[in-house]
Amino acid sequence: MFSYIARRIGTALLILFGSSFIVYNLEALSGDPIAELRTSAARNRDFLIAYYTRQLELDVPPPLRYFHWLQGIAGIFTGHPNFGKARDGLSVYGEIAAAIPVTVRLVLGATILAILLGITVGVITAIRQYSRLDYSMTFISFLMFSLPIFWVAVLLKQYMAIEFNNFLASGQIGIEWLLISSAVVGVIVAGLVSGDRRRVITVFSGSFIAAALMLLIVNWTNWILNPGMGVLGVGVVVGGIGVGISTIVVGFENKRVLWATLTVVAATIAAYFPVNYWWSSSDMNALNLLWPVLALVAVAVAAAFAFTRVDRGPAIRVTVITSVFAGLFLIIDRLFQTWSIYLNTDGINMRPIPTFGEANVRLSSDNFWILFEDGLLHVVLPTIALTLISFAGYVRYSRASLLEVMNMDYIRTARAKGLSERTVIVRHALRNAMIPLTTLMAFDFAGILGGAIITESVFGWHGMGTLFRNAISSQDLNLLMGVFAITSFLAVMANLVADLMYSALDPRIRVR
Amino acid sequence: MKAKRTLRAVAVIAAGLLSTSTAVSVATSASAAARSTVIVNETSAMTSLNSGTPDTNLVTNSDIGYLTGAGFWYYDNKPNLIRNTTFGTYKITKNVANDFEVSYTVNKGLVWSDGTPITGVDLLLSHILGSSDYSKKAGLGDPNDGAAFNSGGYGSPYDSHIKGVSLSDDKYTVTLKYDSFQPDWAIFGPGPAPVHALELMVDGKTKLQSAAVNLAAKAQFLTDFNAGLNGSVKRLKTMGDIWSNDYNIQTIDSKTNPLLLVSNGGFIVQSAVANQSVTLVRNPKYNSGPKLYSANPINKVIFSFVTDGSPAAQALGNGEIDVYDGQPDTATFQQLKGLSGVTVSTDTTMTYEHIDLRVGNSAQSTDPNEPAYDGPFKGNGQKARDLRKAFLLAVPRQAIVNKFVAQAYDPANQADATVMNSHFLLPGQAGYSTVTAANGSFTYRNGTQAQRTAQALALVKKWYPSASAGSKTVPIKMLFKNNSRRIGENLLIGNEAAKAGFDVSNVGNAAWSKKLDDPSYDVAMFAWAPSAVSQTGSNANYQSDGSNNHYGWNDADVDAATHALEGLLSPAQVTAKYLAADKQVIGNAWSLPLYQWPQVSAYSSDLKGIKPGPLVPNLLWNYWEWHF
């Protein structure tokens, strides 16, 4: 095992050396870093050309210059790496250190969301293979997969930011939108059920009417300008989620787990007012968001222990997942309450959804919730864009993988034993179906730090992708190689981690 | 069954919603607060408060510097050099051979944003930043190997001609002594710098100081400056380090040293978020330049860093930025046009596209093994002259200009755009019509393009009787960048020149700028980007030893006329010299100008007083006139 890892790291270093040498030289030969200067009419052009020649070592041939750069990087072994200076005079190390958190904020949420959504949809479509739902999800995921992100971004900005902000002037849903969105809800719900035509029509009309009613209530209570769930809303939603998770994981008939879950829901309701009061304090910070969630998780573990005697693992899983959702909805409810205050803040002026940037430049508030809401709203559109285009891959992979597993002999054996379909899928099929996806995930997480070049530039985020783009367009070798060193290192490492994880998850595979 | 369950769930949720909606008070609509904040788009982030070093000399940095600083002059949107008489006056005090003196006087009563008076002492730093001699003498290092002050101002004519600097007794007038007349002396003039703040930072201060301490610091600078003249260095070296590095900050908040923000412009930097925005507020003590508009004033200017093009247009549509300028693509331009409440205007920049023909090897070339140029345009014999003229005649200038100016943003536009016809003046500048009427450019705009191409073919036939349309008799290697603009131009030229028997190469070169001296190319096409208005600005392009003369151009009349431009001339004399030089450049068929690059400005229609200008800081030049 250790010799395997050592061997892999050795090859990784060789690969990194070779690839960085090639990239360095290709980039150095591909253009002229002082092209602009050569056509400028600056009176001291010669001085400036001499300055840059000295600064960028343009008089040294690129293959030799590469080793100067490598010498700086090699400092990593002595703890003093030198990534050099970017052309704007800032240190490459500092620029990358500033860009990484930005990129993580932008891409991490989208990646997790894409994995969760993609796998969920993939599993559902695999179970309902060749159903209307399967076909429509396949169509949608391929559609998203083939859309160029800059175009998706433009559409999102136009309809979910500019038009939505215009709509907020009244906050009342027009009759045409009411009918259209109700119809969309109806189609989706009807797509989920199977059965004869009569049943489908009943479900469609039922959910159409329900959605329309709901939107009417939204209009009537002016909910869009003044949203909130209240203690009752949080309770109902969390209760629904808890019962749902418990049904999927252990089955509705397992009453002990159900009681434990409902205990968590009760705890959430009991905590609602104290937590909201505590969160209203002026020294509120991001860490304070975490404590109620952790407390609920503790309650969840305790409840699972109290209500179950045997097979505690699944029970704890159900209650803990429920409690995390409970914490999430406490936060969401709080953000709903902040919404109307945020809307009326100077600088927002009823146009809350931004089209670019990481924060509103006009906002001069130091209230935690206002800033939190602002940060979230800025991340919403890029996250949607990134999720839309990357979740298709997960849908297809997980669907294919699950279908393959479902045809295996041991699944037939499990069914023959008389296990319920739920147990067969959740306990026997799903776990094995997920193994191949670890490779995909490992690479996606490594890719996070590479940044999303187009997304970042379209949404005005200054992360790794922007650094990369700037480095190429201004022939900034140090900056480019700094970004390249980080991303290529992560890619190589992800490869190794994926292989190790594979062997850990699948007992048939051993690393040697 | 299922539907029933759904209905039940909906009913419960609705009940929950109702119970909350009664608990939360109904939101009041936003009050339409009077607008006083302008958000200006910049395509790149601020990297420094000091745009004076070669590394930080970027548009965003200098734009911020423009709003936070004021000196003896600025460019308007013509672009003309305007004297800022609120700040001070400048004049020639002596002009004899080998002794040329100019004096700059700061008006009394002007103050920095911390209240310290502005005097002539504040102008002296400019000398340190521009004179290699001073830097070497004071032990600050030779700028050619890296000096303590990492200034981008060395190596200019100021550097090579300045002889001395002196301060008047009242300390309000600085006199510069040059070894000869400097035609662009006005813009070589010194700019003010908050030297007391620099001195205080040398002392390690991190807070604003009292008036007395500030004055003492200013006196200290004068002492240090004079000590530098005598070769004493210590404090200045530290100051150079501070000037070169400490201003390079991207985040500005309450922890930032306020001494870094001392300035004398209409606005002062208040805060900055790295790579996101910079916020400027009115400078309450501002009295160094034109008065800020007082009714419905701008109290805050925020520079926001969006990328160019479509994202900026949508941000404008969403009210996230108020002002945009740039060179968007056609789709983005249409998008801008479609926005309501936004004013869109198209203008030109000073950057202009042109086409140059090689005559011989570059005077700048340093490679001793370089082969001699042996292409069709070689030398000044009749054959080369005829072929050069033929080629230029076959360049479809009007078609190119229509495509890249008139139709740049509106492909359906049928109107003819302005073809540039002078190498020395831009359309609209004083004297342009005088020069273009007589400089020989008429040959290249007389008749239709078909007629001119026919003339070209006739000239080619004179030397190659077998030549005909499409005969590819004369191969031409053309140097251009492989971007869409140049590829399009190359295609238009290639197609038209083919009708005159030329065979123009159509492969662009990403590293084109390194190849300007390469004698294997017969033709080069690119753009000059002037950064200032100057009567000698084009000399380096056409003088036989000019640093921008890459094609072995050599003509005694051109040299005489351009050298004459280096003297003190009346505007009419300047125009006459331009004409004399231009006539030869066009007569020798060396080069033809094509067009000025277009640019687009778009801004909220609520904002008044914006007049886009062709030079950096573009539309910011009259920020004091902006108002709602």
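In the predicted model, Glu199(B) and Arg235(B) are joined by a salt bridge, with an N to O distance of 2.5 Å. The two residues belong to separate helices of chain B: Glu199(B) is part of α7 (residues 195-202), Arg235(B) is part of α9 (residues 234-246), and 36 residues separate them in the chain. Glu199(B) has a relative accessibility of 0% and is therefore classed as buried, the limit being under 20%. Arg235(B), at 23%, counts as partly exposed.

A further salt bridge is formed by Arg486(B) and Glu353(B), whose closest N and O atoms lie 2.4 Å apart. Arg486(B) is located in helix α16 (residues 484-498) of chain B and Glu353(B) in strand β12 (residues 342-357) of chain B, so this pair ties together parts 133 residues apart in sequence. Both Arg486(B) and Glu353(B) are buried. Salt bridges with shared partners also connect Lys94(B), Asp99(B), Glu101(B) and Lys177(B) in one network.

Over all chains, the count of salt bridges comes to 24. One of these is the contact between the side chains of Asp606(B) and Arg35(B), at 2.7 Å from N to O. This pair links distant parts of the chain, 571 residues apart: Asp606(B) is in the segment after β17 (591-604) of chain B, and Arg35(B) is in the loop between α1 and β1 of chain B. Asp606(B) is partly exposed, with 40% relative accessibility. Arg35(B) is likewise partly exposed, its relative accessible area being 35%.

Asp555(B) presents another case, being buried yet without a salt bridge. The nearest side chain of opposite charge belongs to Arg385(B), at 6.2 Å; this pair does not count as a salt bridge because the criterion requires a side-chain nitrogen within 4 Å of a carboxyl oxygen. Asp555(B) is situated in the loop between α17 (539-542) and α18 (556-564) of chain B. The side chain of Asp555(B) does make a polar contact, at 3.0 Å, with the side chain of Gln584(B). Apart from neighbours within four places in sequence, the residues in contact with Asp555(B) are Gln584(B), Asn588(B) and Trp590(B).

Between the two chains, 65 residues of chain A are in contact with 79 residues of chain B. The size of an interface is often expressed as the accessible area lost when the parts come together. For chain B and chain A, the buried area is about 5,700 Å², and carbon and sulfur atoms give 58% of this area. The interface has 1 salt bridge, which pairs Arg43(A) with Asp184(B) at 2.8 Å between the closest N and O atoms. Residue pairs in polar contact between chain B and chain A, with both residues at pLDDT 80 or more, number 21.

Several elements of chain B supply at least two residues each to the side that touches chain A, namely α1 (2-23), β1 (37-42), α6 (185-188), β10 (300-305), α10 (310-317) and β16 (523-528). Of these, α1(B) gives the most, with 14 residues. By residue class, the side of chain B that touches chain A consists of 36 nonpolar, 37 polar and 6 charged residues.

Conventions: Residues numbered from 1 in each chain as written. Chains lettered and ligands numbered in written order. Predicted model: local features only at pLDDT ≥ 70, side-chain atom pairs only at ≥ 80, totals over all residues. Heavy atoms only, no water. Contact = heavy atoms within 4.5 Å. Buried area = accessible area lost by both parts, 1.4 Å probe. Polar contact = N/O pair within 3.5 Å; in protein donor to acceptor, adjacent residues only side chain to side chain. Helix = DSSP H or I, 4+ residues; strand = E, 2+ residues; numbered from the N terminus. Nonpolar A, V, L, I, M, F, W, Y, C, P; charged D, E, K, R; others polar. Buried < 20%, exposed > 50% of the residue type's maximum accessible area, 1.4 Å probe, protein only. Lys, Arg positive; Asp, Glu negative; His and termini not counted.
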